[in-house]
Amino acid sequence: MSVFRACVLFASFAVLLTCSDLTCGSNTRHTQPLIDAGPLRRSEVEPNDVKTQALLVDRAMAVDAALQSPSDIDVYVITTRESQLIDISMACQPGVDLTLEILDDRDTVRSIARSGAHDGCLRLSNLAVVGRSYVRIAGQKKGASGSYSISFEFREPNENVEREVNDLPIDSTELTAGTTISGFISHPADVDWYRLKLPVEATAPSRMIRITLRGTPGVAHELKLVSAAEAVLYKATSKPSEELTVRQFALRAVDEMIYVVVRASNDGENKGTKSAFNAVDPYTLLVSFEENVDFAEVEPNDEFSKATSLTPNGFR
């Protein structure tokens, strides 16, 4: 074998070895793992003061933005083809207090959240969107302006979490008896409405419901049971971070459904505070049916007219 031919064979063998580890031709695969670049990051584009100028949000992204003047308003439009849950996080400069509003296609304001109560940060989790929803950012006070960043994270729907906006009975999140659901007190004014449909047998005299609310750290909770006519049937409050349990609540024969309402309490230890919220740690809520126990009290019995009856020589 000539020296030249041997050199050619050696060079070809070296090329084959190189192509097995590196890119070589269209059929070669990379052996190095791809790096996730994270969500898209972009800058706000002015003007975006009205819906027709809204910045499009159709995927996970973070936006660096600013209210350029005291009258400036920034509008974003979230669009999805299928039902999605969106988490919105906003960070502001110290002293820049902003308002975040959620609007529908008819310009109805469905929810309002305000920053400034917790180091200028604001978070709204589990926003249910199908089609289009609008996010509007403005200053809380006259003359407020400054920079902020806002991020949008998209998730698949989950039956075990609340669906914002659920601040009103008409927007309430459906509950399934015996299934734990989680939610957030995302801002001081946040109110979460849930609805529970009652089967016919649930309203029999022997059927009761039990409610367990495992609270959010640092927040005292208020729990209410409300009729379909929005009459308050029962109300209880917890201490900060503590669990709240209601047992043996008697269902009325006329009730085909009831609402369970959760919010931060302004009574007791939380009275007068404006920052009773936790947008990071969720609470959990469990509503289940239970059988009546003859020797147990029956809720509600907070008034003379609702007193639990006692039998002679009996006890409760």
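This note goes through the confidence of the model, its salt bridges and one of its sheets.

1. Basis of the note. The structure is a predicted model, in which local features need pLDDT of at least 70 and side-chain atom pairs count only at pLDDT 80 or more, while totals for chains, interfaces and linings use all residues. Residues are numbered from 1 along each chain as its sequence is written, and side-chain values use heavy atoms, with hydrogens and water left out.

2. Confidence. The pLDDT, which is the predictor's confidence in each residue on a scale from 0 to 100, has a mean of 80 for the chain, and 73% of the residues reach 70 or more. Over residues 6–36, however, the pLDDT is below 50, and this stretch has eight contacts in the model beyond near neighbours in sequence, a contact being heavy atoms within 4.5 Å. Where pLDDT is low, the predicted coordinates should not be read in detail.

3. If a salt bridge is taken as a side-chain nitrogen of Lys or Arg within 4 Å of a carboxyl oxygen of Asp or Glu, the count comes to 14. One of them joins Asp107 to Lys51, with the closest N and O atoms 3.1 Å apart. Asp107 lies in the loop between strand E5 (98–103) and strand E6 (109–114), and Lys51 in the loop between strand E1 (40–43) and strand E2 (55–57), so the pair ties together parts that are 56 residues apart in sequence. Strands here (E, at least two residues) are DSSP runs, numbered from the N terminus.

4. Accessibility of the partners. Asp107 is partly exposed at 46% relative accessibility, and Lys51 is also partly exposed, at 28%; buried means under 20% relative accessible area, exposed over 50%, and partly exposed in between, for a 1.4 Å probe and protein chains only. In another salt bridge, Arg252 and Asp255 meet at 2.9 Å, N to O; Arg252 is partly exposed at 39%, whereas Asp255 is buried at 7%. Elsewhere, salt bridges that share partners join Asp87, Arg123 and Arg155 into one network.

5. The open sheet. Five strands form an open sheet of mixed pairing, in the order E9-E11-E16-E13-E14, where two strands pair if DSSP finds at least two bridges between them. Strand E9 (173–174) and strand E14 (232–237) stand at the edges, each with a single partner strand, so one side of each is left without a neighbour in the sheet. Strand E13 (residues 221–227) pairs with E14 in the antiparallel sense over five bridges, and Glu222 stands opposite Thr237 in E14.

Terms used:
Helices (H or I, at least four residues) and strands (E, at least two) are DSSP runs, numbered from the N terminus.
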